[in-house]
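Please keep the sequence and the model in view while reading.

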Amino acid sequence: ISEGIVATNELMDIINCDSSVSVLAGAGAGKTELLAQKANYLLHTDKCLWPKKILCLSFKTEAQANIKNRVNKRCGVKADRFDSYTFHAFSKSIVDRFKNVLPENKRPLNNYDIVMKENQANGLDKVWMGSLVNLAIEIIKSREDVCNLFSMSYSHVFIDEFQDTTNSQYRLLQELFKGKGTILLAVGDINQSIMLWADARTTAFEDFTNDFVAQRKLLLCNYRATLEIQSVLNVLLQFVENHQQPLTVTNQKITNCELIYFPNELSETNHLIAYIQNLIATGVGEAEICVLTRSEE
């Protein structure tokens, strides 16, 4: 385990697990490091036996590169068997290799360009980025032998920031790996779902548990927060994981943060107003008070 990362029972349980797993973890819980450590374990113990490889799918280029760099540092030459892609880059690799499977009217030309706006695309020499996943799905659904290449190549698949998986990306995972013997590890935090506007699958974790017979696990340790804040976050995370069961109460005395439940927006607003008025009355300057909210627009 890397310096600064605690080998908690939760972390080691996920690393050593030999079945598909979905991991619910908050910000600062070390999700990226978990993926790097899991890859290190699989490659050095031959749980991922040569010539099979590990596939890691991320949403952002920065995350994809970060995970790959961490695996390179930990695994040396074995990191050659760790493929790290964004979902779009992975889909493009399928299209580039197997586009001749597509009907001629849907087949991109050689050396096509990727465009970011749908109205700039013609499907031939200019392909919209948003269509790559669906093109990949069409290819693998039309050719079973092409589809099977991926489950034959990858013994394990990691999905980072799983809460942002779109419906089409989830279908791609289903088509390629459902019932094929590949072990999947999905890591995410439903409290950081920022892609709902972009067709993120709201039931991704529940569907994954059912479709891939996956265990659900929590990663509670937080490396960005004080112990007091971590205790409050852990209570909230367990509340979410336990499907909205009543909140438990931490028995730790906490003075610098608290979690308050309000039955409606009016009671929350009234409480916040009274709290701010009390702060000002006790001498706290208005410029020293900050209210953070989540925009739903």
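**Terms and basis**

Axes are lines fitted to C-alpha atoms, for helices over the stretch in contact, and angles run from 0 to 180 degrees between N-to-C directions. Helices (H or I, at least four residues) and strands (E, at least two) are DSSP runs, numbered from the N terminus.

The model is predicted: local features need pLDDT of at least 70, side-chain atom pairs count only at pLDDT 80 or more, and totals for chains, interfaces and linings use all residues. Residues are numbered from 1 along each chain as its sequence is written, and side-chain values use heavy atoms, with hydrogens and water left out.

**Helices H1 and H2**

Helix H1 (residues 9–16) and helix H2 (residues 31–44) have axes that come within 9 Å and cross at roughly 45°. The two helices are therefore oblique to each other; oblique angles are those left after under 35 degrees (roughly parallel), over 145 (roughly antiparallel) and 65 to 115 (roughly perpendicular).

In H1, Leu-11, Ile-14, Ile-15 and Asn-16 meet Leu-34, Gln-37, Lys-38 and Tyr-41 of H2, where contact means heavy atoms within 4.5 Å.

**The second largest cavity**

The whole structure holds 2 cavities of 30 Å³ or more. A cavity is a set of points on a 1 Å grid over the protein atoms alone where a 1.4 Å probe fits but cannot get out; lining residues have an atom within 4 Å of a point.

The lining of the second largest cavity includes Ile-14, Lys-38, His-156 and Leu-184. Strand E6 (154–159) and strand E7 (183–188) each give two or more residues to this lining, and E7 supplies the largest share, 3 residues.

Technical notes: On a 1 Å grid over the protein atoms alone, a cavity is a set of points where a 1.4 Å probe fits but cannot get out, and a pocket is an open set with protein on both sides within 12 Å along at least five of seven lines; lining residues have an atom within 4 Å of a point. Grid points are joined across faces, edges and corners, and a volume is the space filled by probe spheres set on the points.
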